[in-house]
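Biologist: Before I use the words on this model, I would like to know what stands behind them. Please take me through the terms one at a time.

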Amino acid sequence: KAADILAYRVIDLSAGGLAFAAKAEEKEILKQGVVLNDMRFKLKDQTIVVKGTIAHAVVTKSDRGGEILKVGVQFNGLKPSDDRVINQFALEESRKIFSLLH
């Protein structure tokens, strides 16, 4: 149902999981051990749907100085095809970053 749909900004991504930024006030619902059954995110033109478990949730400062809740999620049962897409994306992004250093 629509009330269960929440959207967050992904701040880190790997084949093992992702981190997203939530409102600091959401720390009571987004805490360690909570299972997120239907996480969806898009990489290029592919939508990845995966189940995940919150590994940690920490209130920290945002890059704008406000407080955010940084939530780390470990993927459970990521499909091999989605794993490849995420790894390829991470590799391309790291190449872009390293090319800026030279």
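Modeller: Start with the word pocket: it is an open set of grid points where a 1.4 Å probe fits, with protein on both sides within 12 Å along at least five of seven lines. Its volume is the space filled by probe spheres set on those points. The model is predicted, and its largest pocket has a volume of about 650 Å³.

Biologist: What makes a residue part of the lining of the largest pocket, and how many residues line it?

Modeller: A lining residue has an atom within 4 Å of a point. For the largest pocket 19 residues pass, and L6, Y8, D38, M39 and R40 lie nearest its centre. Strand β3 (35-43) is one of the elements with at least two lining residues, and β2 (17-23) is another. The most come from β3, which gives seven.

Biologist: How is that lining divided by class?

Modeller: It has 14 nonpolar residues, four charged and one polar. Tyr and Met count as nonpolar, whereas Asp and Arg count as charged.

Biologist: Why is K44 called exposed?

Modeller: Exposed means over 50% relative accessible area. K44 has 56%, so the word applies. This residue sits in the loop between β3 and β4, and its phi is near 55°, a positive value in a residue other than glycine. Most residues other than glycine have a negative phi.

Biologist: Why does D45 count as exposed?

Modeller: The relative accessible area of D45 is 77%, and the cut-off is over 50%, so D45 is exposed. D45 too is found in the loop between β3 and β4.

Biologist: Why is E92 called partly exposed?

Modeller: Buried would need under 20%, and exposed over 50%. E92 has 22% relative accessibility, so it falls in between and is partly exposed. E92 belongs to helix α1 (residues 80-100).

Biologist: What makes a set of residues a nonpolar core, and which residues have the most contacts inside the largest one?

Modeller: The members must be buried, of nonpolar types such as Val, Leu, Ile and Phe, and joined through side-chain atoms within 4.5 Å. The largest such core has 18 residues, and L18, F20, F41, V71, V73, F75 and I86 have the most contacts inside it. Strands β2, β3, β4 (46-61) and β5 (67-76) each give two or more residues to this core. In soluble globular proteins, nonpolar side chains tend to be buried together.

Biologist: What is F20 in contact with, beyond its neighbours within four places in sequence?

Modeller: Contact needs heavy atoms within 4.5 Å. By that test the partners of F20 include Y8, V10, I11, L30, L36, L69, V71 and V73, and also R9 and K70.

Biologist: How much of the whole protein is buried?

Modeller: Of the 102 residues, 27% are buried. The accessible surface is about 7200 Å², and carbon and sulfur atoms account for 53% of that area. The protein has five strands and one helix, in the order β-β-β-β-β-α from the N terminus.

How values were computed:
Residues numbered from 1 in each chain as written. Predicted model: local features only at pLDDT ≥ 70, side-chain atom pairs only at ≥ 80, totals over all residues. Heavy atoms only, no water. 1 Å grid on protein atoms, 1.4 Å probe; cavity = no way out; pocket = protein on both sides within 12 Å on 5 of 7 lines; lining within 4 Å. Helix = DSSP H or I, 4+ residues; strand = E, 2+ residues; numbered from the N terminus. Buried < 20%, exposed > 50% of the residue type's maximum accessible area, 1.4 Å probe, protein only. Areas by Shrake-Rupley, 256 points an atom, 1.4 Å probe, with all protein chains shown as cover.
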